[in-house]
Amino acid sequence: MRTIYDETIAQLTDWLAQRGQKSYRAKQIYAWLYRKQVSSFDEMSDLPAALIEQLKAEFYIDPVHLVDKQVARDLTAKYLFEMKDGSTVEAVLMHFSFGESVCVSSQVGCNMGCSFCASGLLKKQRNLTAGEMVGEVMFIERELMAEGKRVGNIVIMGTGEPFDNYDNVLDFCAVVNSDLGLAIGARHITISTCGIVPRIRDFAAGHYQYNLAVSLHAPNDEMRRRLMPVDQAYPLDTLMAALKDYSVDNHRRLTFEYILLKGVNDSDACAIELADLIRGMNAYVNLIPYNEVDENGYRTTDGRTALHFYDVLMKHGVKATLRTKHGDDIDAACGQLRARHELGKE
Ligand code: SAH
């Protein structure tokens, strides 16, 4: 059994065709799932009984079950969901002036091993399916609907490396982006990668309209390698070459994420080196305050130094934004809530 949220409209249409069902049934099923947001096939009252039985034989609807939820003073909410096989993942809801934004996880655990990140405390157990990621969003969408709101933006920045689960992540994007699904515009969906170059090239070749964000966190290989083992496989020259090709061929602006770590990557020299690396590209740098994780000793850069880093970048011709912290009174750092639950079990 799998969740029906796994199915893109094209896949569902094929599934129906293989069972001798009319293709327009796919639209009806999508309307029940994503407009009326039903939780059982029996509610799909305009489908023939035989089709309902066929659906029930192969699919369930809701893949996630809430195990824990923390709400911060600024109302950022962190959810811990359990999948059917007992594995757990996190998602976060953030309230911005431009709308409600959901951060979804793409894998159970992560193998990228970034030294500052709590997600890597637990190794990858498996990829999430497209439908399990849809399930994270649907749970939160239902909660928001009750308040007359909707999910407006999706960032794939929770636990996991989306480009290590490429096909499922793109199917997930197709479902939430579909006019018949949640109809979240492609420009409101952001995939964040630590820099898996071959998948960046695939993504570029696919001419997808989703936003691409790249976790950089250091201006040179020597420093980046200490923070992010992925830099050994894909050093900055190959990464930047792929990103330049992507942004030129697709006419797209890139986002570079750069966590400010006190005394590690936040000096003037780092800012200048970073500016030299990026200047001339259609890109900007999102400076992110670090959410401290007890287990690793990294500290966040203070506000004044962060602002100075921002000024140096701007002065050297690179656009930047300085993100404010969200939910820092809860376990909001990627993987923190889950790590606490899972490690607590051992
Ligand atoms: N694997 C993908 C997406 C998940 S991480 C990637 O690397 O981009 C999403 C972002 O959160 C990345 O930029 C990551 O480096 C950052 N991040 C991880 N731990 C963090 C922490 N404790 N505080 C702030 N940002 C963190």
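Predicted model: local features only at pLDDT ≥ 70, side-chain atom pairs only at ≥ 80, totals over all residues.

Residues are numbered from 1 along each chain as its sequence is written, and side-chain values use heavy atoms, with hydrogens and water left out. The structure holds 20 salt bridges, each being a side-chain nitrogen of Lys or Arg within 4 Å of a carboxyl oxygen of Asp or Glu.

**Asp42 and Lys56**
- Asp42 pairs with Lys56 in a salt bridge whose closest N and O atoms are 2.9 Å apart.
- This pair links distant parts of the chain, 14 residues apart, with Asp42 in the loop between helix H2 (24-35) and helix H3 (49-58) and Lys56 in helix H3; helices (H or I, at least four residues) and strands (E, at least two) are DSSP runs, numbered from the N terminus.
- A network of salt bridges links Asp42, Glu53 and Lys56.
- Asp42 is exposed at 52% relative accessible area, whereas Lys56 is partly exposed at 32% (buried is under 20%, exposed over 50%, partly exposed in between, with a 1.4 Å probe and protein chains only).

**Asp85 and Arg126**
- Asp85 forms a salt bridge with Arg126, with 2.8 Å between the closest N and O atoms.
- The two residues are 41 residues apart and link distant parts of the chain, Asp85 lying in the loop between strand E4 (77-82) and strand E5 (88-96) and Arg126 in strand E8 (residues 126-127).
- Arg126 is partly exposed, at 22% relative accessibility.

**Asp276 and Arg279**
- In the salt bridge between Asp276 and Arg279, the closest N and O atoms are 2.5 Å apart.
- Asp276 is partly exposed at 45% relative accessibility, and Arg279 is partly exposed at 40%.
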